[in-house]
Amino acid sequence: MVFLLLTSTAKSDIHSAEYTSEDLIARIANGDQKALAELYSQTKTMVYGFALSILRNKHDAEDIMQDTYVKIYASAKEYRSQGKATAWILTITRNLSLMKLRAGKRTDAPTEELWDPPDTHDSIEGSINRLVLETAMTTLSDEERQIIMLHAVTGQKHREIAALLQMPLSTTLSKYHRGLSKLKKLLKEDE
Amino acid sequence: MNRKQILTHLNKAVENDTPDTLEDILLHCEQIDCAQQKGYNMSTTITTPDTPIISDSLKRGQNQKTKRSLIKWASTAAAVLAIVFGTWFGYGHYSVDSIIDLDVNPSVELKINRAEKILSATPLNAEAEEILDGMDLKNVDLDIAVNALIGSMLKNGYVSDMKNSILISVENPNAQKSAELQQRLSSDVSNLLEANSVGGAVVSQTISEDEQLKALAEKYNISLGKAALVQLLVSQDARFQFADLAALPINDITLLLSSRQNEIEGVSMSGQASSSAYIGESKAKAIALEHAGLSESSVTFVKAKLDFDDGRMVYEVEFYTSSTEYEYELDAATGQIITYDIDKEQNNSSPAGGGNTASYIGEAKAKSIALNHAGLSESSVTFTKTKLDSDDGRVVYDVEFYSGNVEYDYEIDASSGNILKYDRETEEHSSSKSHSGGDSSSSSSSKTTTPTTSSSFIGEAKAKSIALNHAGLTESKVSRLKVKLDKDDGRSVYDVEFYSENIEYDYEIDASGGQILKADSDVDD
């Protein structure tokens with residue numbers, strides 16, 4: 001449930017964190033848009049981050065983020081609770097992203113215009129964050145990038161990530177370690 | 001920068017980047033509500049989780065000029081409705097009521113009116129032209145036309161013992177009618193095949209008009225029905241490419257479908273697709289076992305199934321022994337081994353078992369090479385991983401351990417014992433809290449080397465107190481405390497989670513040694 005805590009905005013409702021995604025989806029199935037807004041604020045970083053890690057393009061990731069929530073709204077009725085709402089949401093994100101990828105074949109030129117130029121008001125912290133994200137986006141393999149991003153933004157277990165990406169656990173483990181080592185090395189050179 | 005810091009920076013970067021699109025989303029959801037209130041029935045045929053129901057025209061920032069954008073949204077919604085709810089064709093005698101695609105390899109598209117008379121029969125490829133040669137199906141009853149077409153396919157050898165799969169796709173704006181027609185045609189064709197003593201597989205589905213799919217179908221010269229099926233498979237498996245699967249005959253697609261049938265909704269299948277063009281699962285198993293130098297009785301099979309990879313039909317065979325996991329991919333037609341992967345589990349007692357692992361130096365030797373290089377003795381370090389792996393096509397041992405707060409990572413050639421790569425890193429304790437809060441048992445620098453024999457774990461209570469100590473809290477001050485024995489990276493750990501005020505704490509504690517492997521605190525400010 002780490003993702004519940006990732007969102008630092010929308011704190012006006014103190015009770016918000018008490019709603020689980022499961023409850024929210026049940027309410028969304030009845031057409032409750034407030035529940036959708038709540039689910040959105042709880043999970044948007046995760047959804048956007050995962051889409052970004054597949055698509056490597058901010059604009060596409062933003063589109064997929066919208067599509068994901070519209071799809072959640074349209075198909076919440078069909079959701080069968082298994083205590084894994086996160087997995088369900090991420091599966092939708094993944095399917096929509098892969099479809100977009102196939103339709104557009106946009107993967108080949110990630111860099112430049114897709115990454116905003118560093119904001120001059122960026123704090124030091126902010127520019128380090130950006131550097132790490134850029135390095136991850138431009139140097140990791142597709143699978144490494146997705147696995148590491150999922151760890152960073154969802155707090156899911158290796159096992160859950162393996163299931164989501166339809167890979168053997170051993171593969172996700174080794175890609176996770178290899179990818180992180182790669183990043184560590186590259187970021188060290190930059191320091 | 002250590003691993004945890006990298007993940008944290010990544011998280012923060014994404015969090016800062018995440019755009020706010022809630023208004024657009026809600027606006028769009030309202031359009032869906034309106035559509036449903038007007039009494040359209042959601043067709044059951046499009047409810048697979050992978051079907052795109054959202055058009056690409058959903059774009060950012062349309063909510064500024066509400067009036068104008070509402071009109072735009074209405075047209076977007078209309079486009080979405082066309083996809084979601086199918087297109088209305090109207091009534092009269094000459095208007096199309098349903099479209100039916102028959103695919104074997106020849107692909108024929110039939111359009112019928114409400115009385116189920118054929119309005120047109122269009123060949124979609126060269127084979128279909130041959131099948132349709134000289135037939136005038138106009139105004140013929142659907143049943144008779146289908147009968148004639150299947151008969152012609154049998155006669156021309158397109159349906160045979162080797163390739164016996166037929167795909168029937170029905171498109172009608174009325175979901176109930178689609179389903180009914182789908183069922184009737186499917187059983188008609190099954191009977192027809194049986195009467196001709198061909199045990200065929202009949203795959204049937206109902207489809208909805210979908211612009212994206214239509215474009216794909218046109219691009220690859222296949223029927224909308226086949227495109228829908230291919231799309232379905234592609235969305236199930238990231239390795240599949242539309243172009244590759246579109247080129248496969250329906251029989252291969254059916255074989256792929258049946259190897260994962262329980263995962264696919266909205267497609268029904270009767271009969272068994274013929275795999276006689278391929279070596280078969282048992283033969284595939286036997287080839288893999290022979291290569292591994294093992295007998296069937298000494299292994300446990302995880303799977304042996306027909307699949308499609310890198311443009312060809314393959315068998316994927318996976319099995320394991322007590323210490324080793326084997327993964328093979330064989331060419332389905334020839335039985336040739338395309339790739340294999342042998343993965344030795346951590347901390348197995350002897351290197352026995354796998355045929356060709358015998359030539360490797362062994363985990364113990366790999367460990368000692370790494371230790372030597374690091375100038376450390378086995379008793380002063382804790383191993384986190386020793387694993388046979390393959391990297392860039394060569395077999396290596398991955399050895400990871402730490403001593404104090406230094407992390408070592410080695411890659412050692414499994415045959416020669418040469419060090420290919422190593423990485424040494426001092427891990428700072430990055431969580432905002434230091435060890436100060438606790439009375440110690442938690443400190444990772446006091447390493448009593450614990451052998452990896454896992455019989456004696458420290459217990460949940462101890463794990464709990466280690467974590468609480470580290471956080472400088474007592475049990476009465478925290479809520480939602482959870483302790484769970486888990487496995488991470490192949491080692492047993494206790495997962496301890498709790499909340500205090502607005503901070504979430506998440507610990508991973510070595511189940512044997514009690515060291516804190518991961519300490520995570522997340523402030524919700």
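Predicted model: local features only at pLDDT ≥ 70, side-chain atom pairs only at ≥ 80, totals over all residues.
Q: Why do the side chains of A:Asp63 and A:Lys100 count as meeting in a salt bridge?
A: A salt bridge is a side-chain nitrogen of Lys or Arg within 4 Å of a carboxyl oxygen of Asp or Glu. As background, side chains of opposite charge can pair when their charged atoms come close.

Q: Which parts does the pair A:Asp63 and A:Lys100 tie together?
A: A:Asp63 belongs to helix H3 (residues 58-75) of chain A and A:Lys100 to helix H4 (residues 85-104) of chain A, so the pair ties together parts 37 residues apart in sequence. Helices (DSSP runs of H or I, at least four residues) and strands (runs of E, at least two) are numbered from the N terminus. Both A:Asp63 and A:Lys100 are buried.

Q: What makes A:Glu143 and A:Lys175 a salt bridge too?
A: Their side chains meet at 3.3 Å, N to O. This pair links distant parts of chain A, with A:Glu143 in helix H6 (residues 142-154) and A:Lys175 in helix H8 (residues 169-190), 32 residues apart.

Q: Are A:Glu143 and A:Lys175 buried, exposed or in between?
A: Buried means under 20% relative accessible area, exposed over 50%, and partly exposed in between (1.4 Å probe, protein chains only). A:Glu143 has 34% and A:Lys175 has 23%, so each is partly exposed.

Q: How do you know that B:Asp143 and B:Arg184 meet in a salt bridge?
A: The N to O distance between their side chains is 3.7 Å. B:Asp143 sits in helix H5 (residues 142-155) of chain B and B:Arg184 in helix H6 (residues 175-195) of chain B, 41 residues apart. B:Asp143, at 39% relative accessibility, is partly exposed, and so is B:Arg184, at 26%.

Q: How many salt bridges does the structure hold, and which residues are linked in a network of them?
A: Over all chains there are 19. A:Lys184, B:Arg3, B:Glu407 and B:Asp409 are linked in a network.

Q: What makes B:Glu475 and B:Lys464 a polar contact?
A: A polar contact is a pair of N or O atoms within 3.5 Å; within protein, one must be able to donate a hydrogen and the other to accept it, and residues adjacent in sequence count only if both atoms are side-chain atoms. Here the side chains are joined at 3.4 Å. B:Glu475 lies in the loop between helix H13 (460-471) and strand S15 (479-488) of chain B, and it is partly exposed at 43%.

Q: Why are H5(A) and H1(B) called roughly perpendicular?
A: Two packed helices are described by the angle between their axes and the distance between the axes. Helix H5 (residues 124-139) of chain A and helix H1 (residues 3-17) of chain B pack at about 100 degrees, with axes 8 Å apart. Axes are lines fitted to C-alpha atoms, for helices over the stretch in contact, and angles run from 0 to 180 degrees between N-to-C directions. Angles of 65 to 115 degrees count as roughly perpendicular (under 35 is roughly parallel, over 145 roughly antiparallel, the rest oblique), so H5(A) and H1(B) are roughly perpendicular.

Q: Which residues touch the most other members of the largest nonpolar core?
A: A nonpolar core is a set of buried Ala, Val, Leu, Ile, Met, Phe, Trp, Tyr and Cys residues joined through side-chain atoms within 4.5 Å. The largest one has 65 residues, and those touching the most other members include A:Ile28, A:Ile148 and B:Leu10. Helix H2 (residues 33-55) of chain A gives the most to this core, twelve residues. A second, separate core of 48 residues includes B:Leu213 and B:Tyr315.

Definitions and conventions
Residues numbered from 1 in each chain as written. Chains lettered and ligands numbered in written order. Heavy atoms only, no water.
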